[in-house]
Amino acid sequence: MRQEPDQIFAQPLAQVTDFVFNEDVARVFPDMIKRSVPGYPTIVENIGVLAARFAQPDSVLYDLGCSLGAVTQALRRHVRSEQCRIIAVDNSAAMVERCQEYLLAQNSMFQELLPVEVIEADILSLQFQPASLFALNFTLQFISPIQRPELLTRIHQSLLPGGALILSEKLCFQDPEEHALLTELHLDFKRANGYSELEIAQKRSAIENVMLPDSLEQHRERLLAAGFTKVIPWFQCLNFASLIALP
Ligand SMILES: C[S@@+](CC[C@H](N)C(=O)[O-])C[C@H]1O[C@@H](n2cnc3c(N)ncnc32)[C@H](O)[C@@H]1O
Ligand SMILES: O=C(O)C(=O)C[C@]1(C(=O)O)C=C[C@@H](O)C=C1
């Protein structure tokens, strides 16, 4: 697959419209997410490692909001349980099409990989099968806040005993000083990865209405209200974190 650098916000735009996961974004997504999310490669690889502990033989593993299937590929590298299969879901046609191409490329390089079904669907209206693992890797933040509790409740109801939800998100912080510092340090991370002030500012305008982060406390409370019994943060880099939620 040809990987292109993210230059989506590099030129001044007459009007910055809301961010969408369209063909232009799908084309540059590996570069965009690596340069925007501190710790992204570590999170993705270790979701595979964590999943290997929770995956159960003869069960489904869900990658919800799979984009190009980075998590799905990590699951296939690490999960060794017999008869598992992965269902990767995204509602962006451009992402799903490219995800399938990436997985075909992975198929051609390795043997005995877990089978994957890639579905173009809205995770808010998809019926879940009983599953030993759900991954929401930077997806929940794009779901409207009022719809988040019901989605998490449905995920909890579909989780097999001994399974887990792995939830990665950008965070906001209740303490204003902590929030300001980690936000500034995230901008420094973007600058260090070659994004200009214009790119940073235009991207911020594009995502501010469509990506609404919660605090760690909000995540914990909502997950417990959805029926999860334990919420265990396993990774944080600046204002990005990943949690394990146990049923
Ligand atoms: C930041 S990306 C996720 C990155 C990906 N999980 C990874 O690890 O590389 C968010 C993805 O969620 C998808 N998405 C957002 N809302 C969705 C919904 N309601 N149903 C399905 N997919 C959704 C978007 O199309 C996008 O591809
Ligand atoms: O917070 C930001 O500035 C981001 O760019 C974050 C983020 C994300 O967390 O998903 C937003 C959109 C892109 O998918 C890549 C990264």
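Reply: Helices (H or I, at least four residues) and strands (E, at least two) are DSSP runs, numbered from the N terminus. This is a predicted model, in which local features need pLDDT of at least 70 and side-chain atom pairs count only at pLDDT 80 or more, while totals for chains, interfaces and linings use all residues. Residues are numbered from 1 along each chain as its sequence is written, chains are lettered from A and ligands numbered from 1 in the order in which they are written, and side-chain values use heavy atoms, with hydrogens and water left out.

The account begins with ligand 2. Its shell holds 14 residues, of which Phe29, Gln141, Lys170, Lys190 and Lys203 come nearest (near: a heavy atom within 4 Å). Helix H1 (23-36), helix H6 (176-192) and helix H7 (197-207) each contribute at least two residues to this shell. H1 provides the largest share, three residues. By type, the shell around ligand 2 comprises eight nonpolar, three polar and three charged residues.

Polar contacts (N or O pairs within 3.5 Å) involve side chains from this group. Lys170 places a polar side-chain atom 2.7 Å from an oxygen atom of ligand 2, and a polar side-chain atom of Lys203 also lies 2.7 Å from an oxygen atom of ligand 2. For Gln141, an N or O atom of the side chain is 3.0 Å from a ligand 2 oxygen atom. Taken alone, ligand 2 exposes 370 Å², and the protein buries 97% of that (Shrake-Rupley method, 1.4 Å probe).

Ligand 2 sits in the largest pocket, and the space taken by ligand 1 is likewise the largest pocket. A pocket is an open set of points on a 1 Å grid over the protein atoms alone, where a 1.4 Å probe fits, with protein on both sides within 12 Å along at least five of seven lines; lining residues have an atom within 4 Å of a point. A molecule sits there if more than half of its atoms lie within 2 Å of the grid points.

Around ligand 1 there are 20 residues, with Tyr40, Gly65, Ser67, Asp90 and Asp122 nearest. Gly65 is placed in the loop between strand S1 (60-64) and helix H3 (70-78). The shell of ligand 1 divides into 12 nonpolar, six polar and two charged residues. Asp90 brings a polar side-chain atom to 2.6 Å from an oxygen atom of ligand 1. An N or O atom in the Asn137 side chain is 2.8 Å from a ligand 1 oxygen atom, whereas Asn91 uses a backbone N or O atom, 3.2 Å from a nitrogen atom of ligand 1. On its own, ligand 1 has 610 Å² of accessible area, and the protein covers 95% of this.

The annotation can be set beside these contacts. In an unreviewed entry, UniProt lists Tyr40, Gly65, Cys66, Ser67, Asp90, Asn91, Asp122, Ile123, Asn137 and Arg204 under "binding site". These residues span 165 residues in sequence, and the farthest two C-alpha atoms are 25.1 Å apart, so they do not all gather at one spot. Among them, Tyr40, Gly65, Cys66, Ser67, Asp90, Asn91, Asp122, Ile123 and Asn137 belong to the lining of the largest pocket. The unreviewed UniProt entry also gives residues 63-163 as "domain: Methyltransferase". The span 63-163 is 37% helix and 25% strand, with its end C-alpha atoms 14 Å apart.

Conventions
A polar contact is a pair of N or O atoms within 3.5 Å; within protein, one must be able to donate a hydrogen and the other to accept it, and residues adjacent in sequence count only if both atoms are side-chain atoms. Ala, Val, Leu, Ile, Met, Phe, Trp, Tyr, Cys and Pro count as nonpolar, Asp, Glu, Lys and Arg as charged, and the others, Gly among them, as polar. UniProt positions are given in the numbering used here, feature names are shortened, and annotations may be inferred rather than shown by experiment.
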